[in-house]
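Subject: Handover of a structure for your review

Dear colleague,

Please find below the sequence and structure that I am handing over to you. My findings follow directly after them.

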Amino acid sequence: MITKGDKLLIIFVLMLAFIIFTGFQIYGFTDDKTYVLIEIDGKLYQKISLGENGPNLRLTIPVAHGKSIVEINRNKVRMQYSDCPDRDCVRQGWISRPGQMIVCLPNKLVLKIEGSKPAKDEVDAVSY
């Protein structure tokens, strides 16, 4: 039998879990500095620092099928335009957290967000 106290405990635990989850989503897991790495054909093209005082700029990047335009708005990045056939990279929208990336396969262009602290190369439950 579930008593009134059990129901209150369940509600309290669920609310606490929701608040913790929301806090991690809003504030992230790290306070380190973030960068966007722009790679073409596996080689680093440019590394740009992001953050509240980050740049607002548009970069025109020459790629295999013409050009791609990358937009950087302080702490987020997106592919604004690309000459690739499907433009899946443009539809991905903004990225801002370490680990996120935008890949344009026809142009061999990768936009990667990385933190200043390197990620640990540990086996986790997903990759195991």
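Which strands form an open sheet, and in what order do they stand? The sheet consists of three strands in the order β3-β4-β5, and the pairing is antiparallel. Because β3 and β5 stand at the edges with a single partner strand each, one side of each has no neighbour in the sheet. From one strand to the next, the twist averages 25°. Please note that this is a predicted model.

As to the overall make-up, the protein contains two helices and seven strands. Read from the N terminus, the elements follow the order α-β-β-β-β-β-α-β-β. The protein has 128 residues, of which 26% count as buried. Its accessible surface comes to about 9500 Å², and carbon and sulfur atoms account for 58% of that area. Of the contacts between residues at least 6 apart in sequence, 31% join residues at least 24 apart.

Ile72 has Val77 in β5 as its bridge partner, while Ser68 stands opposite Ser82 in β5. In general terms, strands of a sheet pair through backbone hydrogen bonds, in either a parallel or an antiparallel arrangement.

Which residues does Met79 contact, leaving aside its neighbours within four places in sequence? They are Ser68, Ile69, Val70, Cys89, Val90, Ile102, Cys104, Leu109 and Leu111.

Finally, I would draw your attention to Lys108, which lies in the loop between β6 (101-104) and β7 (109-115). Not counting residues up to four places away in sequence, Lys108 touches Glu39, Ile40 and Asp41. Lys108 and Gly42 are 66 residues apart in sequence, while their C-alpha atoms are 7.6 Å apart in space.

Yours sincerely,

A colleague

Terms used
Residues numbered from 1 in each chain as written. Predicted model: local features only at pLDDT ≥ 70, side-chain atom pairs only at ≥ 80, totals over all residues. Heavy atoms only, no water. Helix = DSSP H or I, 4+ residues; strand = E, 2+ residues; numbered from the N terminus. Contact = heavy atoms within 4.5 Å. Buried < 20%, exposed > 50% of the residue type's maximum accessible area, 1.4 Å probe, protein only. Areas by Shrake-Rupley, 256 points an atom, 1.4 Å probe, with all protein chains shown as cover. Pairing = 2+ DSSP bridges. Axes fitted to C-alpha atoms, helices over the stretch in contact; angles between N-to-C directions.
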